[in-house]
Each structure stands twice: as structure tokens, then as C-alpha cells.
Amino acid sequence: MGGFFKSSIGRKVAMALSAFFLMFFLLQHFAINILSVFSPDTFNEVSHFMGTNALIQYGLQPVLIFGVVFHFVMGFILELKNKSARKISYAKNHGAANSTWTSRNMIWSGLAILAFIVLHFIDFWFPEINTKFIEGDWSGLHDGEFRYFHELQEKFLSPVRVGAYVVAFVLLMLHLLHGFTSAFQSMGATAGRKKTLQNIGKAYAIIIPLGFIVIAIYHHFNHIH
Amino acid sequence: MNLTLKIWRQKDANAKGQMVEYKVTEISEHMSFLEMMDVLNEQLVNSGDEPVAFDHDCREGICGMCSMYINGEAHGPDRGVTTCQLHMRMFKDGDTITIEPFRAAAFPVIKDLVVDRTSFERIQQAGGYISVNTSGNTQDANAIPISKHAADEAMDAATCIGCGACVATCKNSSAMLFVGAKVSQYALLPQGQVEAADRVQNMVAQMDLEGFGNCTNTGACEIECPKGISLENIARMNRELMKANLK
């Protein structure tokens with residue numbers, strides 16, 4: 001199988017597998033975040049469980065980091081290889097005649113998502129790692145109450161940050177609009193199920209990022225009022 | 001109609017090429033694109049200039065020789081046709097038409113609009129065949145029952161003429177539609193099963209060796225293919241390669 005993953009198709013399959021993993025993670029992340037809109041207490045409890053469970057912290061979290069890094073690194077490697085497959089560009093190329101903008105610009109939407117992840121890590125992940133692993137505070141408490149919901153609301157006070165998150169989620173939507181069905185195509189999905197897959201892909205690509213946008217905007221206005 | 005043509009001129013494989021502008025007049029809308037190129041070349045020869053080199057052979061859409069990237073699209077703006085089947089009625093009087101060779105590192109330019117597509121032949125030689133005894137006692141192919149569905153799909157894949165429009169139009173210069181079609185036409189038939197695993201592994205290895213890019217599923221190849229080869233063939237090739245590696 002080692003040779004398989006060195007082949008062009010093997011690399012496509014590796015990209016698709018990491019994409020499936022990341023899309024599953026995104027769904028799980030959304031399912032937890034949406035709780036913050038409906039029930040802050042439940043959101044706090046679930047966040048505390050996710051943040052302190054040993055299997056998640058020491059088992060799944062490193063896998064997730066690897067999955068993210070792998071997807072980006074492999075994406076860059078494939079992009080560079082693909083660029084080198086055409087040394088001289090066309091003087092005139094009518095890409096829109098035969099393919100969607102989203103499918104042709106996965107590298108750009110991907111880079112924007114990478115930039116967003118850096119911001120997101122600075123906002124949430126680094127402080128979380130600092131509290132738990134540097135300061136050694138695993139209580140999840142601040143002034144005797146769970147801190148997670150409060151921290152979330154605080155982050156969305158700034159309209160600039162909310163704007164940045166909204167833009168990032170729109171780009172995530174564009175990335176997923178091609179990426180979802182593309183991952184299945186790479187795994188050899190058959191034409192018979194193509195229409196169903198496309199519909200599920202569109203629904204996923206629109207609903208999940210839109211949901212994240214709603215959460216960010218909700219907390220921005222909810223906190224102000 | 002009167003047209004302005006911007007054509008890639010390159011003396012030979014090692015020369016540095018450039019776009020050169022020409023004017024052609026009184027072009028009939030009933031002409032094929034290649035006939036329009038013939039008019040231009042006659043004009044160039046008469047004025048003592050070097051004619052534009054371009055590939056062509058059957059001029060009826062089945063040999064896959066004519067290439068050309070016309071106004072940013074492989075085989076021009078029409079669908080399901082090769083350049084020889086592209087009619088001048090697709091253009092308007094006064095238009096400027098950009099004509100370039102198929103661009104890919106694996107399709108180096110030989111001269112002007114002529115590119116070397118022998119990389120496709122080497123991929124075919126790596127596995128695009130079945131080994132049968134042809135010494136006179138060949139078994140009748142119809143003796144093996146084949147479902148109508150499989151026969152139709154194999155025939156659809158086999159209509160690939162190996163023109164290279166898929167590579168030319170792909171933003172990654174990927175040859176996966178071509179290789180997918182060639183793998184599929186045998187993978188779907190019982191005669192192709194014996195060598196199925198070796199075939200897909202060897203053809204994909206040769207494709208990678210030739211320097212084609214990787215498919216990112218934009219679907220541009222399927223749209224520009226003059227024979228309407230479906231993306232399903234790429235998915236089937238992916239399945240075949242995974243299957244071969246799990247053996």
C-alpha cells in the first residue's frame with residue numbers, strides 16, 4: 001500500500017480521507033456550538049467534557065491536528081505538482097466555460113481557511129492549552145462558574161472579529177461546495193448515486209458554515225442586549 | 001467574414017515561441033476551422049512566409065489528431081466536437097480568435113500548434129490492451145455473455161479518441177479522463193479481468209512518470225471532451241487501483 005499512496009490517485013485518496021475526517025469533525029464542532037444558542041448550561045457541560053476527557057485530549061486532539069496539517073500540506077504539494085505540469089500558461093483561458101469558480105480555486109479558499117484557523121487558534125485554542133497545560137487549571141471554572149460560554153460570548157463582542165469569522169465561513173462554504181462531492185469522487189463514488197451525493201454535499205456545505213455564521217452573529221447581538 | 005487571428009508561432013521544440021497576429025478575409029461561415037487555417041496558410045505561402053503547422057488527419061472527428069486551444073477552450077467554443085468539426089459560424093465577423101497549442105509539460109510543442117502526444121501512446125503500451133491468442137483459433141468474443149449495461153458503458157469509454165483535450169483543458173494538465181477511459185473499457189468486460197490489476201497499476205504509474213498533473217475533480221475535461229467521456233471513468237479507475245492494491 002506504500003506505493004499506492006505515492007501514486008497520483010493514492011494522494012487523491014489520502015486527500016479525500018483527510019477531508020472526510022475534517023468534515024466529520026466540523027459537524028461535531030457545529031453540533032456542540034449550536035448548543036450555546038439554545039442552552040448555555042448544556043454547552044458548558046459538553047465543553048467541559050470535551051476539554052477534560054483524556055481520550056479526547058490525548059487521543060483525538062493529536063489526530064485532529066495531524067488531520068488538519070496533513071490536509072494542508074498535501075494540498076500544497078499537489079498544487080505545486082499540478083502547477084509544474086504546465087510550464088507555459090495559456091495566453092487566453094476560458095475556465096468558466098467548463099468548471100465552477102469554487103472547483104478551480106480550492107487552493108485560495110483553502111489558504112483563507114488556514115488563515116482563519118490561525119486566528120481561531122489564537123482566539124480559543126492557545127488560551128485553552130495555556131489554562132490547562134501551562135497553568136494546570138483543569139477545573140473549567142472562573143469565579144465559581146463554568147467559563148466556556150462566557151469566553152465564547154466575549155470573543156464575539158468585536159464586530160471586526162465577527163466580520164472576519166463570517167468571511168471565513170463563506171470561504172469555507174465555497175471550499176465545501178466543491179470539496180464534499182470531490183472527496184467522494186476521489187474515493188470512486190459511482191454515477192448512480194451522484195445526484196444524491198451532490199444534494200447532500202450542497203446541503204452540508206451551506207448549512208454548516210451558515211450555522212456557524214448564525215452562532216457568531218447571535219452571540220454578538222445577544223451579548224450587546 | 002473578416003477575422004483577426006492571434007496564433008502561437010514556434011520554430012521548433014527548442015525555440016522560444018510567441019503570439020503572432022494575422023488577418024484573414026472572406027471566410028465563409030460554412031468552413032470548418034481547419035479550412036479557415038488552410039486559407040491562412042495558402043495566404044502565407046503565397047506571400048513567401050512559413051505556413052502555420054497544425055495537426056490534422058481524418059477531418060471527420062474520429063482520429064483525434066487536430067488539437068488547438070481556441071479562444072481559451074480545447075477545440076474551441078462548440079461542444080462534443082473536435083477542431084475539424086468546429087464551424088466558422090460559431091464566430092462573428094470582426095472577431096479576434098486566439099489559437100494556441102495544447103499546453104502541458106507532458107505534451108511538448110514540436111512546432112507552432114503541433115504538440116507531441118506520444119506520452120498517451122506510452123500509457124497505452126503500459127497496459128491498454130488484452131493478451132489474446134490471435135494465431136487463427138481465436139475464440140468468438142460473442143461466446144462470452146456480457147450484460148447490455150456493461151457493454152454500453154465499455155463502448156462509451158472506448159469512444160475516447162485520445163485527442164488530449166482533457167489534458168489541455170484541465171487546470172492541472174491531468175490525463176485521468178483519458179487513462180480512466182482506457183482502464184474502464186477493459187475493466188467492464190470479462191476479457192479484461194485477467195490483467196485488470198496489472199493494467200491499472202502500470203497505466204497509472206506511466207501516467208505519473210510522464211509528468212501529468214493530478215485530478216481535482218473540476219469536471220472541465222468531461223465538458224470539453226469531444227466524445228463526451230464521463231467523469232465516472234475516473235471514479236472507476238480510482239476504484240480499480242484501490243482494488244488492485246488491496247489484492
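In what order do the elements of chain A run from the N terminus on, and how do helix α6 and helix α8 of chain A cross?

Guide: This is a predicted model, in which local features need pLDDT of at least 70 and side-chain atom pairs count only at pLDDT 80 or more, while totals for chains, interfaces and linings use all residues. Residues are numbered from 1 along each chain as its sequence is written, and chains are lettered from A and ligands numbered from 1 in the order in which they are written.

From the N terminus on, the order in chain A is α-α-α-α-α-α-β-β-α-α-α, with nine helices and two strands (DSSP runs, numbered from the N terminus: H or I of at least four residues for helices, E of at least two for strands). The C-alpha trace of chain A spans about 60 × 40 × 35 Å along its principal axes.

Helix α6 of chain A covers residues 106-134 and helix α8 of chain A covers residues 159-186; their axes come within 9 Å and cross at roughly 140° (axes are lines fitted to C-alpha atoms over the stretch in contact, and angles run from 0 to 180 degrees between N-to-C directions). Therefore α6(A) is oblique to α8(A), the class left over when angles under 35 degrees count as roughly parallel, over 145 as roughly antiparallel and 65 to 115 as roughly perpendicular. On the side of α6(A), the contact is made by A:M106, A:S109, A:G110, A:A112, A:I113, A:F116 and A:L119 (contact requires C-beta atoms, placed from the backbone, within 7 Å). On α8(A), the residues in this contact include A:A164, A:L171, A:H175 and A:G179. The contact of α6(A) with α8(A) has ten nonpolar, five polar and no charged residues (Ala, Val, Leu, Ile, Met, Phe, Trp, Tyr, Cys and Pro count as nonpolar, Asp, Glu, Lys and Arg as charged, and the others, Gly among them, as polar).

Technical notes
Contact = placed C-beta atoms within 7 Å.
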